[in-house]
Amino acid sequence: MADYEWLSEVRSMVGREYGRIYAWDEVNPAMVRQWCEVMGVDNPLYTDAAYAATTEFGDIVAPPAMLQAWCLEGLHMNNYPPGSTDENPYEVLSLIEAQGYPAVVAVNSELSFERYLEMGEKLYYTTLIKDLSDEKTTGLGTGFFVTQVMTFYSEQAGADDKVGELLFRVFKFKPAQAAKPAPAAASERPAAKRPLPGISDDTRFFWEGCDAGELRIQQCKACNKLQHPPAPVCQHCHSFDLGYRIAKGSGELYSFVVMHYPEVAPFDHPNPIGLIQLDEGVRLPAGLVGVDRNELKIGQRVRVEFQTFDDQLTLPLFRPVSD
């Protein structure tokens, strides 16, 4: 276990709570409406005042999942709202980075809520440095796991009221492999390839099926029920006796998303991805082909077709078909 001299200063920050960071704006209907529109949320409790008046709240409220959005710093503001304390809760990450750990990756996030937020409330949050791990070595590299807890409060009539909490953990590390310099000319750069899936004993049958042009769905031999994604145990009866069934490959579009950014080679842009409800009753995510993203509709019929990329990866994609 590494015990560097500089670590004592970093470890002294564990348990420290950094002061108040205020929201720029009060909870307001305009931001709620825009957030709901972007996220595809159509609950009338958030946007329909007439409906909300018939509920226990008496007026519209903010979606709980918006909690962190109220206190975001802003894209170009580069400073905290008036009234905020002049403290940097990310100082611990800066100190670790200064010792040669430049990379960072988010590990997990746990968001909890105490209640709904009402219009006109003004929020602030504090940040607690909860934990700093010993130096760890992972597949990404060597570094430290840093856990922070942000507690959100509503400030009304001088009474502070906790409304939610966000636990956020990151890994600050030295990459296992140094980045290679890019070729001088674009023509010298190798063509980007699709990332290969992680194949285990539980999923091998699925990918071998794709190579064979078969859409194989895991089936329990004990209760005969289907499940996807594949797992080591039946989620219905907990049997370990699992096989697979070859699906017909037809179904309907249960949901979809069109990825615009970031533009990652070699994927198409925009990149439509669907959640397919197979006729056999299970759902699986897959790329969509032969579609006009402006004409995608929930419930439209689709059928699988297999495409091979880079001579090494065969994927099940789905194409719309007429009824």
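Mentor: Rings of Phe, Tyr and Trp (its six-membered ring) pair if their centres lie within 6.5 Å; planes under 30 degrees apart count as stacked, over 60 as edge-to-face and the rest as tilted. This is a predicted model, in which local features need pLDDT of at least 70, side-chain atom pairs count only at pLDDT 80 or more, and totals for chains, interfaces and linings use all residues. Residues are numbered from 1 along each chain as its sequence is written, and side-chain values use heavy atoms, with hydrogens and water left out.

Trainee: Which residues do ring pairs link into a cluster?

Mentor: The structure holds twelve aromatic pairs. Ring pairs join the following residues into a cluster: Tyr4, Trp6, Tyr101 and Phe144.

Trainee: What is the angle between the planes of Trp6 and Tyr101?

Mentor: A pair of aromatic rings is described by the distance of the centres and the angle of the planes. Trp6 and Tyr101 form a tilted pair, 6.0 Å centre to centre, and the angle between their planes is 55°.

Trainee: How many residues apart are Trp6 and Tyr101?

Mentor: Trp6 lies in the segment before helix H1 (7-11), and Tyr101 in the loop between helix H5 (91-97) and strand S3 (103-113). Helices (H or I, at least four residues) and strands (E, at least two) are DSSP runs, numbered from the N terminus. The pair thus links distant parts of the chain, and the separation is 95 residues.

Trainee: Is Tyr101 buried or exposed?

Mentor: Buried means under 20% relative accessible area, exposed over 50%, and partly exposed in between (1.4 Å probe, protein chains only). Tyr101 has a relative accessible area of 1%, so Tyr101 is buried.

Trainee: Why is the pair of Tyr124 and Tyr153 stacked?

Mentor: The centres of the two rings are 5.2 Å apart. The pair counts as stacked because the planes of Tyr124 and Tyr153 are at 20°.

Trainee: Which residues have the most contacts inside the largest nonpolar core?

Mentor: A nonpolar core is a set of buried Ala, Val, Leu, Ile, Met, Phe, Trp, Tyr and Cys residues joined through side-chain atoms within 4.5 Å. The largest has 25 residues, and those with the most contacts inside it are Leu215, Ile217, Ile276, Leu278 and Phe318.

Trainee: Which residues does a second, separate core include?

Mentor: This second core has 22 residues. Among them are Cys36, Ala52, Trp70 and Val163.
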